[in-house]
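This report describes a single protein chain for a reader who has the sequence and the coordinates at hand. Please keep both in view while reading.

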Amino acid sequence: LQPFIWRRNLDYAAIADVEKMAGELGFEIVQCHVPDGVSGKKEEQALQACYKKIAPNVDAVYVTVQTGVNKHTIEDIVEIFNSNHVPTFSQKGIKYVKRGPLMSISQAGLKYVGYFHAETIAKLCKGAPHGALTQLFTTLPSIAINLTTSQRIANYPSVIITRDTDP
């Protein structure tokens, strides 16, 4: 398995976790960099050029949250990978899965996010330095799967995955 990783905003995209899993599971991470200082349409074009370059050579892709991936570009980005039969995992969640990525973690509700924020605020009120607080919260696993994309790329999730899928 060779997911693509875009390296800006490393903490937010959980890159350290992806790198750890790559080491444990023995897969290579293929990186593609959009130059710093590029924004707007030029960033979107640079990102899509990166995706087109790597699409024929990867087994799966992790589409991270960043400005080059947005409601105007997500369908074009997914098409790049779908045409190469490459599964896409969206960091953005169910909102983007509805627009084409194969799958993402889904939040059925905001209860766990609320708990996370409440605990963070409590720690800050008790004097914890804000830079030392973790930005990782846990929730019950739930997955969103785009069955149209699954059929298009002939990648069918296992029964184990689909039992944790949101209806």
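## The buried side of helix α3

In this predicted model, helix α3 (residues 74-82) buries Ile74, Ile77, Val78, Ile80, Phe81 and Asn82. Buried means a relative accessible area under 20%, exposed means over 50%, and partly exposed lies in between, with a 1.4 Å probe and protein chains only. The cover over these buried residues of α3 includes α2, β3, β4, α4 (94-97) and α6 (147-153). Helices are DSSP runs of H or I with at least four residues, strands are runs of E with at least two, and both are numbered from the N terminus.

Asn82 belongs to helix α3 and is buried, with a relative accessible area of 7%. Leaving aside neighbours within four places in sequence, Asn82 is in contact with Thr149, Arg152 and Ile153, where contact means heavy atoms within 4.5 Å. Asn82 and Gly100 are 18 residues apart in sequence, and their C-alpha atoms are 8.9 Å apart in space.

How many aromatic pairs does the chain hold? The count comes to two, under a rule by which rings of Phe, Tyr and Trp (its six-membered ring) pair if their centres lie within 6.5 Å; planes under 30 degrees apart count as stacked, over 60 as edge-to-face and the rest as tilted. The rings of Tyr51 and Phe81 have centres 5.1 Å apart and planes at 75°, so this pair is edge-to-face. Tyr51 lies in helix α2 (residues 40-54) and Phe81 in helix α3, 30 residues apart, and the pair thus links distant parts of the chain. Both Tyr51 and Phe81 are buried.

Tyr62 and Phe89 form a tilted aromatic pair, with 6.0 Å from centre to centre and 45° between the planes. Tyr62 is in strand β3 (residues 61-63) and Phe89 in strand β4 (residues 88-90), so the pair ties together parts that are 27 residues apart in sequence. Tyr62 is buried, with a relative accessible area of 11%, whereas Phe89 is partly exposed, with a relative accessible area of 27%.

Which residues of helix α1 (residues 15-25) are buried? Ile15, Val18 and Ala22 are buried there. They cover an arc of only 60° around the axis, which puts them on the same side of α1; the arc is that of the directions from the helix axis to the C-beta atoms. An α-helix has 3.6 residues a turn, so residues three or four places apart point the same way.

On the other side of α1, Ala16, Lys20, Gly23 and Glu24 are exposed. Just after α1, Gly26 takes a positive phi of about 75°.

## Loop positions

His85 is placed in the loop between α3 and β4. Although His85 is not a glycine, it has a positive phi of about 55°. Most residues other than glycine have a negative phi.

Val38 is found in the loop between β2 (30-31) and α2. Val38 is partly exposed, with a relative accessible area of 21%.

## The chain as a whole

The chain has seven helices and six strands, which run β-α-β-α-β-α-β-α-β-α-β-α-α from the N terminus on. Of its 167 residues, 39% count as buried. Among contacts with a separation of 6 or more, residues 24 or more positions apart account for 66%. The chain exposes about 10300 Å², and carbon and sulfur atoms supply 57% of this area. Accessible areas come from the Shrake-Rupley method with a 1.4 Å probe; for residues, only the protein chains shown count as cover.

## Confidence and conventions

The mean pLDDT of the chain is 79, and 80% of the residues reach 70 or more; pLDDT is the predictor's confidence in each residue, from 0 to 100. Among the elements, strand β1 (residues 4-5) has the lowest mean pLDDT (46) and α3 the highest (94). Over residues 1-11 pLDDT stays under 50, and the model has 50 contacts beyond four places in sequence for this stretch.

Residues are numbered from 1 along each chain as its sequence is written, and side-chain values use heavy atoms, with hydrogens and water left out. Local features need pLDDT of at least 70 and side-chain atom pairs count only at pLDDT 80 or more, while totals for chains, interfaces and linings use all residues.
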